[in-house]
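Keep the 3D view open as you read.

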Amino acid sequence: YDREWAVALLERVIVSLREECVAEGKGERFDHLKSYLTLEKGGIPYASAAAALAMDEGAVRVAVHRLRKRYRELLRHEVAQTLADPAMVDEELRVLMGAFAPPYSLVFQKQKS
């Protein structure tokens, strides 16, 4: 049950993030970079993403960083909506992370940034 809830929650967050990107005219960029949300920093092939998006590799690094940051913000917000006490968000995120083995847990590792 925890895993099903976690998957549904993560899907809502991805949909929200994509909708934001589309509204900003960055839907194609999101589609190319969304898979990088769960990769470790060293595992991201920035050069291939840069080529696919006709962007500078440094710009892709920044775009991935911002996408991850916004993903974490949206995730925290979604989790907070499910709680009576918003102060319990970090604890709930730990439970959520426990429902997954890597790579999903990588997204949660930098909650305070």
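## Overall make-up

Of the chain's 113 residues, 34% count as buried. Please keep in mind that this is a predicted model. The chain holds six helices and zero strands, so reading from the N terminus on gives the order α-α-α-α-α-α.

Looking at contacts with a separation of 6 or more, 60% come from residues 24 or more positions apart.

## Where helix 1 meets helix 4

Helix 1 (residues 2-23) and helix 4 (residues 57-81) have axes that come within 9 Å and cross at roughly 130°. Because of that angle, helix 1 is oblique to helix 4. The crossing of these two helices is right-handed.

On the helix 1 side, the contact is made by Leu9, Leu10, Arg12, Val13, Ile14, Ser16, Leu17, Glu20 and Cys21. Helix 4 contributes Leu67, Arg70, Tyr71, Leu74, Leu75, Glu78 and Val79.

## The buried face of helix 3

Now have a look at helix 3 (residues 46-53), where Tyr46, Ala49, Ala50 and Leu53 are buried. Viewed down the axis of helix 3, its buried residues fall within an arc of 100°, so they line one face of the helix. Helix 2 (27-33) and helix 4 are among the elements that cover the buried residues of helix 3.

Note on methods: Residues are numbered from 1 along each chain as its sequence is written. This is a predicted model: local features need pLDDT of at least 70, side-chain atom pairs count only at pLDDT 80 or more; totals for chains, interfaces and linings use all residues. Side-chain values use heavy atoms; hydrogens and water are left out. Axes are lines fitted to C-alpha atoms, for helices over the stretch in contact, and angles run from 0 to 180 degrees between N-to-C directions. Helices (H or I, at least four residues) and strands (E, at least two) are DSSP runs, numbered from the N terminus. Angles under 35 degrees count as roughly parallel, over 145 as roughly antiparallel, 65 to 115 as roughly perpendicular and the rest as oblique. A crossing is left-handed if the near helix is turned anticlockwise from the far one by less than a right angle, and right-handed if clockwise. Contact means heavy atoms within 4.5 Å. Buried means under 20% relative accessible area, exposed over 50%, partly exposed in between (1.4 Å probe, protein chains only). The arc is that of the directions from the helix axis to the C-beta atoms.
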